[in-house]
Amino acid sequence: MKKTFVTAAAITFLAAGISFAVDHSEMHEMMMKEGGPKTDTRTELKMPEPMKVMHRGMMRQHLDTLSEITAALAANKLEKAAEIAKENLGWNDAQEKMCAMFGDMAGDEDFFALGKAMHAKADDLADDARAGNRDKALTDLSQLIRKCNACHEKFRH
Ligand code: HEC
């Protein structure tokens, strides 16, 4: 009985070992295709962990907002798309304070500039949607997403 258990356990570990080896070599191959291992050279936002948690929560909210804007544009509800963009992502005093605070922590003025550019693009989207120009609003949406990523490419937690 004991021997059977030991054998079964040995087989399990061996199988797990083999499957890890396969996963590992696949992972290695995938990484090499992407140009090999890299270090993250982005500028780190120096803020306490709870602030990072809060910031990431706000970020996920931004992603949700993009989904809501896309859905409203798809349904041709342009006024609704404008409202969502303006209220959640438009530039205002509160956003300015928030971006300035995180920007101070980043210790790099690019953070504020990239944040402001993203919010300004959301305002353009709201204006174009409100004017009834869905094509233009969709182009704004694409540019807005690029503004999100322009900051992700430069800064990290
Ligand atoms: C001014 C800078 C800046 C802008 C603009 C910005 N982000 Fe971020 N975002 C960050 C940083 C910094 C992180 C942390 C990235 C890391 O450590 O990899 C982040 C992380 C995220 C994450 C990951 C959240 C998680 O749970 O880990 C999402 C999703 C995200 N951002 C969405 C967005 C969207 C959508 C927009 C545009 C509407 C946007 N962000 C605009 C700076 C920015």
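Modeller: A helix is a DSSP run of H or I with at least four residues, a strand is a DSSP run of E with at least two, and both are numbered from the N terminus. Read along the sequence, the protein gives the pattern α-β-α-α-α-α-α-β, which comes to 6 helices and 2 strands. This is a predicted model, in which local features need pLDDT of at least 70 and side-chain atom pairs count only at pLDDT 80 or more, whereas totals for chains, interfaces and linings use all residues. Residues are numbered from 1 along each chain as its sequence is written.

Biologist: What is His119 in contact with?

Modeller: Contact requires that two C-beta atoms, placed from the backbone, lie within 7 Å. Setting aside residues within four places in sequence, His119 is in contact with Leu89, Gly90, Trp91 and Gln95. Trp91 is 28 residues from His119 in sequence, yet the two C-alpha atoms are 5.1 Å apart. For the protein, among contacts between residues at least 6 apart in sequence, 68% join residues at least 24 apart.

Biologist: How do you know that the length of α4 agrees with that of a helix?

Modeller: The expected span is 1.5 Å times one less than the number of residues. Helix α4, residues 93-106, has 14 residues and should therefore span 20 Å; its end C-alpha atoms are 20 Å apart, so the values agree. Helix α3, with 12 residues, reaches 16 Å from its first C-alpha to its last, close to the 16 Å expected.

Biologist: Which residues of α3 are buried, and how do you know that they share a side?

Modeller: Ala81, Ala82, Ile84, Ala85 and Leu89 are the buried ones. The arc is taken from the directions that run from the helix axis to the C-beta atoms. Theirs is only 165 degrees, so they lie on the same side of α3. These buried residues pack against α2, α5 and α6. The face turned away from the buried side carries exposed Glu79 and Glu87.

Biologist: What makes up the largest nonpolar core?

Modeller: A nonpolar core is a set of buried Ala, Val, Leu, Ile, Met, Phe, Trp, Tyr and Cys residues joined through C-beta atoms within 7 Å. The largest one has 19 residues, of which Ile69, Ala81, Ala85, Ala122, Leu125 and Ala129 touch the most other members. At least two residues each come from α2, α3 (78-89), α5 and α6, and the largest share, 7 residues, is from α5. Ala85, for instance, touches Ile69, Gly90, Ala122, Leu125, Ala126 and Ala129, not counting residues up to four places away.

Biologist: What makes a residue part of the shell around the ligand, and how many residues are there?

Modeller: The C-beta atom, placed from the backbone, must lie within 6 Å of the molecule. That gives 18 residues, the closest being Met59, Gly115, Cys148, Cys151 and His157. Helices α2 (49-74), α5 (109-130) and α6 (134-154) and strand β2 (155-156) each supply at least two, and α2 has the largest share with 6.

Biologist: Which classes do these residues fall into?

Modeller: Ala, Val, Leu, Ile, Met, Phe, Trp, Tyr, Cys and Pro count as nonpolar, Asp, Glu, Lys and Arg as charged, and the others, Gly among them, as polar. On that count the shell has 11 nonpolar, 4 polar and 3 charged residues.

Biologist: What sets the phi of Asn76 apart?

Modeller: Most residues other than glycine have a negative phi. Asn76 has a positive one, near 60 degrees. Asn76 sits in the loop between α2 and α3, and with 10 other C-beta atoms within 10 Å it is exposed.

Key
Buried ≥ 20, exposed ≤ 12 C-beta atoms within 10 Å, placed from the backbone.
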